[in-house]
Amino acid sequence: MTRPVLFDLDGTLVDTPNAIVENFTATLAALGVPAVFPEEIRATIGLPLEKAFAQLIGASADAATVEAAVPCYQRLYREQIVPKAKSLLYPGVADGLAELRAAGLVLAIATSKHTASAEVLLTSAGIRDHFAMVVGADAVTEPKPAPETGLLIAAELGHPAGRAVMVGDTTHDISMAHNAGMRSVAVTYGIHSPAQLAAVKPTWTVADFPAAVAQILRAG
């Protein structure tokens, strides 16, 4: 039954969206950049940090300020979010990942975070050992929704992309799966609404993590 299952991180395994909004807001304040609305920040979650900050403040700040935003954000992330990671796991994640591994599946992380940030979060949450690979936006030329992240993981794990399943909470995750020729499970408890997810036509849609696990095990 060995086949790869790829997971997004924020909003899929770990309930970090509200903390991320707070982190973005604190970063902008630290850099002296005018505040933006929380919903504007939420709309950028799932994008690489560089793109998110460029989108949020590119018109109101110079290039040096936008560039400084990423390391500032990452420092605050390590200080404020990482220590709480275990308590932020969505219900059923730890047991579900263990169940998938016990069934012989090979798990990987496909995230828009920087790889090092993802590694630290996974370790703090106590689930790093479940994953054979962690691939962040800085490990590829074109991050999600481009197919490169998914194709890289499939190739490294030695499986055809068509055998893989991608699990995520944003349209970026589902579109990456489509673009890579993978099947997808959209989870509706994260960033994007059921309607947004339905618009990009996931293979399956579920309301909680245990349901995602059950669907993956049925998928064959």
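Colleague: Let's start with the helices. In which hand does helix 1 pass helix 3?

Modeller: Keep in mind that this is a predicted model. Phe24, Thr27 and Leu28 in helix 1 meet Leu49, Ala52, Phe53, Leu56 and Ile57 in helix 3. The axes of helix 1 and helix 3 (residues 49-57) come within 12 Å and cross at roughly 60°. Helix 1 passes helix 3 in a crossing that is right-handed.

Colleague: And helix 1 with helix 4: roughly parallel or oblique?

Modeller: Helix 1 (residues 17-30) packs against helix 4 (residues 63-80) with the axes 9 Å apart and an angle of about 130°. Over 145 degrees would count as roughly antiparallel, and 65 to 115 as roughly perpendicular. The angle of about 130° therefore makes helix 1, relative to helix 4, oblique.

Colleague: Which residues of helix 4 make that contact?

Modeller: Helix 1 passes helix 4 in a right-handed crossing. From helix 1, the contact involves Ile20, Asn23, Phe24, Ala26, Thr27 and Ala30. On the helix 4 side, the residues are Ala69, Cys72, Tyr73, Leu76, Tyr77 and Gln80.

Colleague: Now the sheet. What is the order of its strands?

Modeller: Go pair by pair. Strand 2 (residues 106-110) and strand 3 run parallel and are joined by four bridges, and strand 1 (residues 4-7) pairs with strand 2 in the parallel sense, also over four bridges. Strand 1 pairs in parallel with strand 4 too, over three bridges, while four bridges join strand 4 to strand 5. The open sheet has six strands, in the order 3-2-1-4-5-6.

Colleague: Which strands are the edge strands?

Modeller: In the order 3-2-1-4-5-6, look at the two ends. Each edge strand pairs on one side only. They are strand 3 and strand 6 (204-206).

Colleague: Can you give me some landmarks? Which residue is the bridge partner of valine 167 in strand 5?

Modeller: Let's cross the sheet through a few partners. Leucine 107 stands opposite phenylalanine 131 in strand 3, and leucine 6 stands opposite alanine 108 in strand 2. Valine 5 has valine 165 as its bridge partner in strand 4. For valine 167, the partner in strand 5 is valine 185.

Colleague: Which residues of strand 4 are buried on each side?

Modeller: In a regular strand, side chains alternate between the two faces of the sheet. Strand 4 has both of its faces covered. One side has Val165 and Val167 buried, and the other has Met166 and Gly168.

Colleague: Why is strand 3 largely enclosed by the rest of the structure?

Modeller: A residue counts as buried under 20% relative accessible area. Strand 3 is largely enclosed because, of its five residues, the number buried is four.

Colleague: Is valine 140 buried or exposed?

Modeller: Valine 140 lies in the loop between strand 3 (131-135) and helix 7 (148-157). Beyond its neighbours within four places in sequence, valine 140 is in contact with Val135, Glu148, Thr149 and Leu152. Its relative accessible area is 10%, and the cut-off is under 20%, so valine 140 is buried.

Colleague: Which two residues does a cis peptide bond join?

Modeller: Look in the loop between strand 3 and helix 7, where proline 145 has its place. The bond has an omega of about 10°. It joins lysine 144 and proline 145.

Colleague: Last one: is lysine 201 buried or exposed?

Modeller: Lysine 201 sits in the loop between helix 9 (194-199) and strand 6. Although not a glycine, lysine 201 has a positive phi of about 55°. Its relative accessibility is 61%, and the cut-off is over 50%, so lysine 201 counts as exposed.

Definitions and conventions. Residues numbered from 1 in each chain as written. Predicted model: local features only at pLDDT ≥ 70, side-chain atom pairs only at ≥ 80, totals over all residues. Heavy atoms only, no water. Buried < 20%, exposed > 50% of the residue type's maximum accessible area, 1.4 Å probe, protein only. Contact = heavy atoms within 4.5 Å. Pairing = 2+ DSSP bridges. Axes fitted to C-alpha atoms, helices over the stretch in contact; angles between N-to-C directions. Parallel < 35°, antiparallel > 145°, perpendicular 65-115°, else oblique. Left-handed = near helix turned anticlockwise from the far one by under 90°.
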